[in-house]
Amino acid sequence: MNRTILVGRLTKDPDLRYTPSGHAVANFNIAVNRPFKNEQGEQEADFIQCVTWRKQAENLANYMKKGNRIGVDGRIQTRSYDNDQGQRVYVTEVLAESITFLESRKESQGNQSQPNNAQNQPANNPFGNEGQRVEIQDSDLPF
């Protein structure tokens with residue numbers, strides 16, 4: 001079984017290209033945080049090469065940019081080629097079969113600095129106080 005699931009941030013804008021037959025292909029790298037900190041107390045990350053094809057490649061390149069958080073579901077693949085010096089180069093990458101955008105377009109444009117303004121919430125929203133104490137009277141209870 002070969003299945004990989006990753007959640008991380010794009011390290012740069014996706015690189016969208018087209019094959020001679022017209023198929024879109026996007027190469028991208030994501031930084032995935034490790035679940036622990038090093039001896040200096042710093043969070044480390046792994047930088048993972050990924051590739052996706054066709055419409056998904058175009059959507060990724062059109063809607064996601066450096067720093068955006070994405071989820072990738074796919075498989076690991078290896079390939080090799082001979083470089084200009086005649087040396088065999090091996091590449092291991094994740095073939096992204098499904099990509100989930102984990103930030104909305106508004107969040108990715110930096111508008112998340114004003115989370116849930118009271119003016120954006122209806123006045124009768126019972127969940128509008130987000131974590132603040134709510135006073136409930138016995139007469140409010142249905143039982």
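Helices (H or I, at least four residues) and strands (E, at least two) are DSSP runs, numbered from the N terminus. What you have above is a predicted model: local features need pLDDT of at least 70, side-chain atom pairs count only at pLDDT 80 or more, and totals for chains, interfaces and linings use all residues. Residues are numbered from 1 along each chain as its sequence is written, and side-chain values use heavy atoms, with hydrogens and water left out.

**View 1. The whole chain, before zooming in.**
The chain has two helices and six strands, and from the N terminus on they come in the order β-β-β-β-α-β-β-α. Of its 143 residues, 24% are buried (under 20% relative accessible area; exposed is over 50%, partly exposed is in between, with a 1.4 Å probe and protein chains only). The accessible surface is about 10900 Å², and carbon and sulfur atoms own 46% of that (Shrake-Rupley method, 1.4 Å probe; for residues, only the protein chains shown count as cover). Take the contacts (heavy atoms within 4.5 Å) between residues at least 6 apart in sequence: 57% of them join residues at least 24 apart.

**View 2. Inside the largest nonpolar core.**
A nonpolar core here is a set of buried Ala, Val, Leu, Ile, Met, Phe, Trp, Tyr and Cys residues joined through side-chain atoms within 4.5 Å. The largest one has 13 residues, and Phe28, Ile30, Ile70 and Val72 touch the most other members. Strands E1 (4-10), E3 (24-37), E5 (69-82) and E6 (88-101) are the elements that give two or more residues to this core. Zoom in on Val72: leaving out residues up to four places away in sequence, Val72 touches Thr4, Ile5, Leu6, Phe28, Ile30, Val94, Ala96 and Ser98.

**View 3. Strand E5 and its partners.**
Two strands count as paired if DSSP finds at least two bridges between them. E5 pairs with E1 in the antiparallel sense, over six bridges, and Gly71 in E5 is the bridge partner of Val7. E5 is also antiparallel to E6, this time with 13 bridges; in that pairing, Ile70 stands opposite Phe101. E5 and E6 make a hairpin with five residues between them, and Gly86 in the turn has a positive phi of about 80°.

His23 sits in the loop between strand E2 (15-18) and E3. Why is His23 classed as partly exposed? Because its relative accessibility is 31%. Apart from neighbours within four places in sequence, His23 is in contact with Arg17, Tyr18, Trp53 and Arg54. Lys55 is 32 residues away from His23 along the chain, yet their C-alpha atoms are separated by 8.7 Å.

Asn38 belongs to the loop between E3 and strand E4 (43-53). Its relative accessibility is 18%, so Asn38 counts as buried. A polar contact is a pair of N or O atoms within 3.5 Å; within protein, one must be able to donate a hydrogen and the other to accept it, and residues adjacent in sequence count only if both atoms are side-chain atoms. A polar side-chain atom of Asn38 lies 3.0 Å from the backbone nitrogen of Gln40.

A salt bridge means a side-chain nitrogen of Lys or Arg within 4 Å of a carboxyl oxygen of Asp or Glu, and a search of the whole structure turns up nine. One of them joins the side chains of Arg3 and Glu97, at 2.9 Å from N to O. This pair links distant parts of the chain, 94 residues apart: Arg3 is in the segment before E1, and Glu97 is in strand E6. Both ends are partly exposed, with Arg3 at 45% relative accessible area and Glu97 at 42%. Salt bridges also link Arg3, Asp73, Arg75 and Glu97 into a network.

**View 4. Two further salt bridges.**
Asp46 and Arg34 meet through their side chains at 2.7 Å, N to O. Asp46 is partly exposed at 31%, and so is Arg34 at 28%. The other pair is Arg17 with Asp15, whose closest N and O atoms are 3.0 Å apart. Here Arg17 counts as exposed, at 52% relative accessibility, whereas Asp15 is partly exposed at 29%.
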